[in-house]
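Trainee: I would like a close look at one part of this protein, and then a walk through the rest. Could you take me along step by step?

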Amino acid sequence: MLSQTAIFLAAAVLMVPIARKLGLGAVLGYLAAGVLIGPWGLRLISDVGAILHFAEFGVVLFLFIIGLELQPARLWVLRRQVFGLGSGQVLASALVIGAVAIALGMSWRAALVIGLALSMSSTALVLQSLAEKQQLTARHGRDAFAILLFQDLAVIPILALLPMMTRDGGADFEVLHLIKAVAIIAAVIIGGRTLLRPAFKWIATLGSRETFTAAALLVVIGTTLLMEFAGLTASLGAFLAGVLLADSEYRHELEADIEPFKGLLLGLFFIAVGMSANLGLLGGHAISILSIVVALMVVKFVVLYLLGRVTDCSNRSSRKLAVALAQGGEFAFVLFQLARQYGLLTAAQADGLVVVVTLSMLAAPLLFLLEERLLAPRFDEKDTRPFDTVEDPSRAVLIAGFGRVGQIVARLLALKHIPFTVLEASPGQVDYVRQFGSKVYFGDASRLDVLHAAGIEHAKLFVLAIDDVDASLKTAELVRRHYPELPIYARARNRFHAYKLMDLDVKMLVRETWHSSVVLAKEVLLGMKLPEAEVTAAIARFKQFDEANLKRQHAVYQDEAALVQNVNQAAEELRSLFEADAEEAAGTSREAA
């Protein structure tokens, strides 16, 4: 066991950094490591099946953490994507793949099994890749998650369907199996809502970190065992457990405790997938197997892309969604094995299809890379959507950028019944915020014609809330040059962004994290039981000094040596001011005594 562990760790330490260095991502590094040490590589590990079964617990933990980050209210919001987009993807993919299988001479039973199995995608691979690229919250990331969740839910009817497709018409199938599955899911949800939070609250009072971690692992494993007893996927059980604890005050602590186990076991899972690729079948059937792999990924890509476009996704989001889910998934391994047991597929067909799914999973990270390096630069430039026409270009306030800052400004203006116009340059952001009833126009505020169309000449003030620093400065320069009298109220991402805006004579600017940091510092000082009057005075002194010092440093910020000297002098000056205040307060206290 120790020698095998050393081999796994060495392979990961060698291959993952190389893959990251080449820009291929950690997942492909793990898969390559598995191929390297597996039966068709250096043959350092032989018992692939046992390792894959053990490593699947990494997927379980991963789904638990995903569930922790998705509160029930947010899950309810996703219901349309889950059951609408998810069912559309599974049914459409299964129909097309099944039709191709029938055209190749398969029976309708075998074609149905193949279609349903190959319509599934790899939950672990897709979510890990999207998380690694920080795309889970993008439109295609949310849609991919919804589809994967539906695929997990679809396991129940698919498993019930298999015995009914046998020659005896499913004589062994019992309705009680389905009732048991539904009952166990209900028990997990009800029990989780009523028992888990009180249990973790009691465990937290014990003050034992190890016990808390053990309890978290017990919840995941216990729920997984219940789901397997019901004939469902372990990942669905772990996801449900995570969702039930998503509103818990211990959510972040649970995530921190589970994260190390998840990372190692998920890496082991990808290594085991790479090892399980039966590359020996490629010896005599390489062309046919590779052709099926390509055909599978092309079919799923087309189906997903069309679904994205039908559901009003942009060309870019639809393409990224199709790339993310074009591969086969782990559940296909289970389905093909069961189909083989029920006589729906021959042993040769099942083994060949398992290789197809494995190779598609191996190819998935390369497809991500192809999309980023070749497709995105070529097609995103052509994915130009016409700017919206502003209905009333005579409003008092013009807001550029509708992210975190622009939305708050707009909400307060709306509450005071002050008319405003919002321009947002990201079509994805425009589509997203419109779902919540926000009135926003797609338009690039760094273009003079767009500003004219939005009625900037009628505006009394201009709110610059663009997140991107370069776009923000470009817009500020444009407005200042053509409308020098128009007041600009700007958001600055940081101190240097503020300096650049001050270069453009923007007088009213707010550093986006400065005020929140000051408020937090005040609460920390109060939490340390300092007198409120003393804390208020200290905060006021700090704010006054820092705002004045910002203007002084603006004069020298382009000279690094002078800036460093100024920062050091300012720090010493501020320390002296606080010491003087402390001495004055102490003197006042002595006089009062």
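Leaving aside its neighbours within four places in sequence, which residues is Ala26 in contact with?

Mentor: Once the neighbours within four places in sequence are set aside, Ala26 is in contact with Val16, Arg20 and Glu132. You will find Ala26 in helix H2, which covers residues 26-37. Its relative accessible area is 3%, so Ala26 counts as buried, the cut-off being under 20%. Look also at Ser129: it sits 103 residues away from Ala26 along the chain, yet their C-alpha atoms are separated by 8.3 Å.

That link across the sequence leads to the chain as a whole. Among contacts in the protein chain with a separation of 6 or more, 72% are between residues 24 or more positions apart. The chain has 593 residues, and 45% of them count as buried. Its secondary structure comes to 24 helices and six strands. The accessible surface is about 30100 Å², with 63% of that belonging to carbon and sulfur atoms.

How far can you trust what you see? The average pLDDT of the chain is 82, and 90% of the residues score at least 70. Confidence is highest in strand E4 (residues 461-464), at a mean of 95, and lowest in helix H4 (residues 72-77), at 66. Where pLDDT is low, the predicted coordinates should not be read in detail.

Now follow the chain to helix H5, residues 79-103. Its 25 residues reach 35 Å from the first C-alpha to the last, close to the 36 Å expected at 1.5 Å a residue. Several of its residues are buried, including Val82, Leu85, Gly86, Gln89, Val90, Ser93 and Ile97. As you compare their numbers, remember that an α-helix has 3.6 residues a turn, so residues three or four places apart point the same way. Just after H5, Gly105 has a positive phi of about 100°. Just after H15 comes Gly343, with a positive phi of about 80°.

Next, turn to the strands. In a regular strand the side chains alternate between the two faces of the sheet. Strand E1 (residues 397-400) shows you this: Val397 and Ile399 point one way, Leu398 and Ala400 the other way, and all are buried. E1 pairs with strand E2 (residues 420-424) in the parallel sense, over four bridges. Between these two, the chain passes through helix H17 (residues 404-415), making a right-handed β-α-β crossover.

Finally, look at two loops. Most residues other than glycine have a negative phi, and most peptide bonds are trans. His417, in the loop between H17 and E2, has a positive phi near 60°. With a relative accessible area of 73%, His417 is exposed. Lys529, in the loop between helix H22 (514-527) and helix H23 (532-554), also has a positive phi, of about 70°. Lys529 is exposed too, at 72% relative accessibility.

Notes:
Residues are numbered from 1 along each chain as its sequence is written. Side-chain values use heavy atoms; hydrogens and water are left out. The expected span of a helix is 1.5 Å times one less than its number of residues. Buried means under 20% relative accessible area, exposed over 50%, partly exposed in between (1.4 Å probe, protein chains only). pLDDT is the predictor's confidence in each residue, from 0 to 100. Two strands pair if DSSP finds at least two bridges between them. A crossover is right-handed if, with the strands pointing away from the viewer, the path from the first strand over the helix to the second runs clockwise. Contact means heavy atoms within 4.5 Å. Accessible areas come from the Shrake-Rupley method with a 1.4 Å probe; for residues, only the protein chains shown count as cover.
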